Amino acid sequence: MSKVLAVFGATGQQGGSVVNYVLNDPELSQQYKVRAITRDVNSEKAKQLKEKVEVVQGDPLNRASLETALAGVHTVFIMTVNYFIPGGPDIQYNSGKTMVDVAVEKGAEYIIFSTLPSVKEVSGGKYVFSLFDVKAEIEKYIRGLAIKSAFFSAGSFMDNFQSQTTLALQPAPDGTWVMARHFSPKTKWPLIDAVGDTGKFVGAILANPDKYEGKTFCAATALYTTEELIATISKATGKTVIFKQISRDDFKKTLPPEMADTLADYFSYIEEFGYYGPDSEKLVAWAAANARGRLHTFEEYLEMHPVQLE
């Protein structure tokens with residue numbers, strides 16, 4: 001009998017990738033029956049999902065809905081969302097803890113959690129980045145429970161160059177396009193095709209849960225220097241794209257005031273300590289080698305999803 005795999009965020013990038021991967025894998029599709037959990041079962045994406053899998057309503061801020069959604073599950077893929085409001089990190093931590101607690105209460109046997117590295121711990125307290133740190137705290141909570149678990153820690157999304165308008169490439173008067181940042185062009189970024197490849201990492205855990213119990217997949221195809229990113233975008237678009245290193249203060253002026261210090265600190269952390277810390281290269285290489293399927297390179301991603309520089 002198939003084990004019920006509950007997937008939070010099933011209409012989003014990560015959860016959606018997990019659902020599609022399991023459905024299209026000959027072995028996993030037989031081992032697991034997917035239950036997609038979403039806050040709004042009437043959204044267009046949810047309606048499309050209903051044609052393929054069971055879709056149930058579950059709101060991380062509503063415990064009763066989770067108790068219904070998680071009844072009878074064996075394995076749960078949990079991801080938490082960011083709340084960009086006062087007290088957001090506390091809301092995210094408490095909602096993540098509730099999701100975990102209800103899963104345990106309902107008899108789940110395995111949790112796969114979408115985590116991120118603790119910027120505070122890796123930097124020895126020099127930097128704090130709540131979007132990452134709160135997920136690391138939830139991971140720590142899960143590790144303290146008796147339930148079996150494994151962790152997916154996504155690198156920087158390849159689509160950030162198109163989705164994050166505040167950090168978009170800027171046109172210059174001479175016809176070139178500029179990425180202006182305060183960090184070194186040698187700074188390295190672990191890149192992942194979130195939609196195309198998340199399922200390949202999580203799928204590896206699902207296919208061999210005992211082997212990967214307690215392990216963290218630092219999920220990325222590879223580490224790319226900023227110079228390599230710029231060269232790849234330039235080649236893919238046929239445009240001249242250049243990197244310009246500017247001062248921290250000048251970089252902050254390009255951002256909305258409410259996020260300027262936070263993003264500047266985040267980028268400084270990456271440059272100084274590495275996205276996953278000093279062992280980033282080794283951690284990413286292990287995860288890529290253990291992924292269940294070939295991962296997309298940044299070059300391939302841009303061929304499938306061209307950056308529009310107009």
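The model is predicted: local features need pLDDT of at least 70, side-chain atom pairs count only at pLDDT 80 or more, and totals for chains, interfaces and linings use all residues. Residues are numbered from 1 along each chain as its sequence is written, and side-chain values use heavy atoms, with hydrogens and water left out.

**Exercise 1.** Find the residues that touch the most other members of the largest nonpolar core.

Solution. Start with the term: a nonpolar core is a set of buried Ala, Val, Leu, Ile, Met, Phe, Trp, Tyr and Cys residues joined through side-chain atoms within 4.5 Å. Buried means under 20% relative accessible area (1.4 Å probe, protein chains only). The largest core has 41 residues, and Trp 189, Tyr 266 and Phe 298 touch the most other members. Helix α12 (257-273) is among the elements giving two or more residues. Its share is the most, seven residues. Helices are DSSP runs (H or I, at least four residues) and strands likewise (E, at least two), numbered from the N terminus.

**Exercise 2.** Compare the span of helix α9 with the expected value.

Solution. The expected span is 1.5 Å times one less than the number of residues. Helix α9 (residues 194-207) has 14 residues, with 20 Å expected. From first C-alpha to last, α9 reaches 19 Å, close to that value. Now check burial: 11 of the 14 residues in α9 are buried, including Asp 197 and Lys 200.

**Exercise 3.** Locate Phe 113 and list what it touches.

Solution. Phe 113 lies in strand β5 (residues 110-115). Its relative accessible area is 0%, so Phe 113 is buried. Contact means heavy atoms within 4.5 Å. Leaving out residues up to four places away in sequence, Phe 113 touches Ile 78, Thr 80, Lys 135, Ile 138, Glu 139, Ile 142, Ala 150, Phe 151 and Phe 152.

Terms used:
Buried means under 20% relative accessible area, exposed over 50%, partly exposed in between (1.4 Å probe, protein chains only).
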